[in-house]
Amino acid sequence: MLVLLAWRNFLRHLHRFQVILGALLLGFAALTVMIAVTSGMAQSLREKAARYFSGDLLVFSFREDRRILNEAAVHEALVKLPGVESLTRRTEYYKPDSTVFFAGSSVRLRKLTGIDWAVERPAFLTLDWREGQPPAVGDGQGVVLSAAVADRLGLRLGDGVTLTFQTLRRQTNSLNLVVRGVFYDTSLFGYAAYIDIEALNLAVGHPKGSVTAMGVMLKTETSSDALAPALVGLLRESVPTHDLITDRDTLNRVMGKLPKERPLGVMTLNANLADIQDILNALLAVTWVASGLFLAILMVGVGNTYRMILFERTQEIGTMRALGASRGRLLLLLLAEAGWLGLAGLVLGGGLGVFVSQAAGLLDWSSNGMALMFLQNGRLSPRFVPLPLACAGAALVLTTMLGALVPAWTAVKMRPVDALREGE
Amino acid sequence: MKVWFLVLGCFFCGVFPAFGLEGRALLAAIDRQVSFETDFSAEYTVTQDRPGEPKSVQTLALFRRDKASKFTILILSPEIDKGKGYLKVDNNLWFYDPVGRRFTVTSAKDRFQNSNARNSDFTRSNLAGDYRIVGQSKVALGKFQTTVLELEATNDGVSFPRSKIWITDDLLVRKTEDSSLSGQLMRTVAVPQYQKVGDRWVPVSMVIVDNLKGKAVNGKMRYETTTIAIAKPNLDPVADLVFTQGYLEKVSR
């Protein structure tokens, strides 16, 4: 009843609320855009990182040659996990000396990876391709390179390159490859090259069919941190597996010992991303600090505006008090009105925010090298994650009500006779 | 039939006589031509030519004690590199940087001072220990009649797992083509002229062409080259102190 009465009052005094409603609308639209864009940026960064680090959850070997010997058991454990979007199956070249040569110039790669295109090609198709696409399954001569490498060497699709590296026995070896694709990537995950897994196995001296990294890309709502212990448990049913590796320092320490009794390791993307986690946390911190500041300013604004509105409604309030409305009930009524105001701002601002976010997603930012790590196909990809948006919405309504609290309390505190007199 | 298998087997094992020597013995004889029983020292000038860039020149003093598998290299110029050095004792190789006054472990496979030469180019030749002959043929190389030996590494410590060497009748290597395991030509080394030191030989100069690094100049591909000129060869005994880390530290001060 009170809520309906508040709704009726809200509509009746809508002309008085117009300015503050406009402010709330714009404010929540800005909040929505900020949250959607930063969520999208963080997700893009994570997806790029997951591709670079062979998945959100990664299984690897502590053997000296890094081969996973129990591939079937690992595969079985991975597919049992919930929320799996796709699998990764790779041979990673761990030394920092792989170099691409083209027309006399060379670029040292940060990462050279052999990919099982039969498993990962569909996922690679979603990469930000500048030209070309992943090699076909069984194409042992194809290579895809990050734009950073291609730009430095002046490479185009179809160019022949020579890739040099060392075998497991530290012999100099090389492959002559053809550029099948160039993908946009950032300096953080740049200077990478992907080739066919069997071509790399053969070239570095792994037996055919070898694999050094197996992982899963998870659906966005699935937490790799939550699933990792379960994966360790599943693996331990058939293969001795090391305790979950929680950071890179631990990884390096354990890798130095090469524990033969527990040859498999499991690592989450977050553990791999200690450095990047700082970027993600900074992004989120900026968003939430900006949101907090905005809400504080909004609360002050609502308070001032509400004081004026309630001043104009002094006689109405006095009448209601004279007719027997208690202070508490009247206070609740005024706060409910403020709640409706906040809710209206939320709905309208949310709609505007979604529209603006989607429009921002249409702009091409690919010329901005620094921004590339946060983009999908050179564009922002806003994500409307329910929980943060719901929190922001709740905070908006609450802030509006809190802003209205002091003026409302001042108004209901007045004696009816004073209110009626003041209203004249 | 068995005889044919024997003949073919012998051929591929490299036991067919060449220069009156068998495969490994032949490589050992080639090594012997450029190795010294005594100490050896010389002044090396390393000229790096990168197309489109000014040439850079380094001079260095090299001291070799082949019988103990040791060498010391002391960079004499340019001023910025002066005092840097290398010390090899057995299979250990250190690089000394006087700025940080620190020795760092390096590898014989690494590039020498970012040139196209490898650190292993300054040590004694050990073809017999590092390679086996997998093929041979007779080829004319300019004015030289040469035998080409195709070599395959027998250990993983060498800079290149496959090599082809052109040798003249005097068992001197006139040209080398170093390749990766897959057969990709990585670099070519030419030794146009030797100088006799005692009863052994030392190149007057070596030209190392990097077959992967270079630049197109006026539409023509020019590869990076490193020329190593060797002067003032000397067989006088070198003090033991020279083959120590202390020596490099001392002379760089």
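Residues are numbered from 1 along each chain as its sequence is written, chains are lettered from A and ligands numbered from 1 in the order in which they are written, and side-chain values use heavy atoms, with hydrogens and water left out.

For the complex, the predictor gives an ipTM of 0.82 and a pTM of 0.76. Chain B has a mean pLDDT of 89, with 92% of its residues at 70 or more. Over residues 1–18 of chain B, however, the pLDDT is below 50, and this stretch has 11 contacts (heavy atoms within 4.5 Å) in the model beyond near neighbours in sequence. Where pLDDT is low, the predicted coordinates should not be read in detail.

Chain B contains 4 helices and 13 strands, assigned as DSSP runs (helices H or I, at least four residues; strands E, at least two) and numbered from the N terminus. Of its 253 residues, 48% count as buried, and among contacts in chain B between residues at least 6 apart in sequence, 45% join residues at least 24 apart. The C-alpha atoms of chain B fill a box of roughly 70 × 50 × 30 Å along the principal axes.

Within chain B, helix 2 (residues 23–33) has G23(B), L26(B), L27(B), A29(B), I30(B), D31(B) and Q33(B) as buried residues. The buried residues of this helix pack against helix 3 (127–130) and against several strands of chain B, including strand 7 (131–141), strand 8 (144–153) and strand 12 (200–217).

In chain A, A103(A) lies in the loop between strand 3 (99–102) and strand 4 (105–108). Apart from its neighbours within four places in sequence, A103(A) is in contact with G214(B) and M221(B). The C-alpha atoms of A103(A) and E47(A) are separated by 33 Å, the two residues being 56 residues apart along the chain. E237(A) occupies the loop between helix 7 (224–236) and helix 8 (248–257) of chain A, and counts as exposed because its relative accessibility is 61%. Between E237(A) and D364(A), which are 127 residues apart in sequence, the C-alpha to C-alpha distance is 49 Å.

Notes:
This is a predicted model: local features need pLDDT of at least 70, side-chain atom pairs count only at pLDDT 80 or more; totals for chains, interfaces and linings use all residues. Buried means under 20% relative accessible area, exposed over 50%, partly exposed in between (1.4 Å probe, protein chains only). pLDDT is the predictor's confidence in each residue, from 0 to 100.
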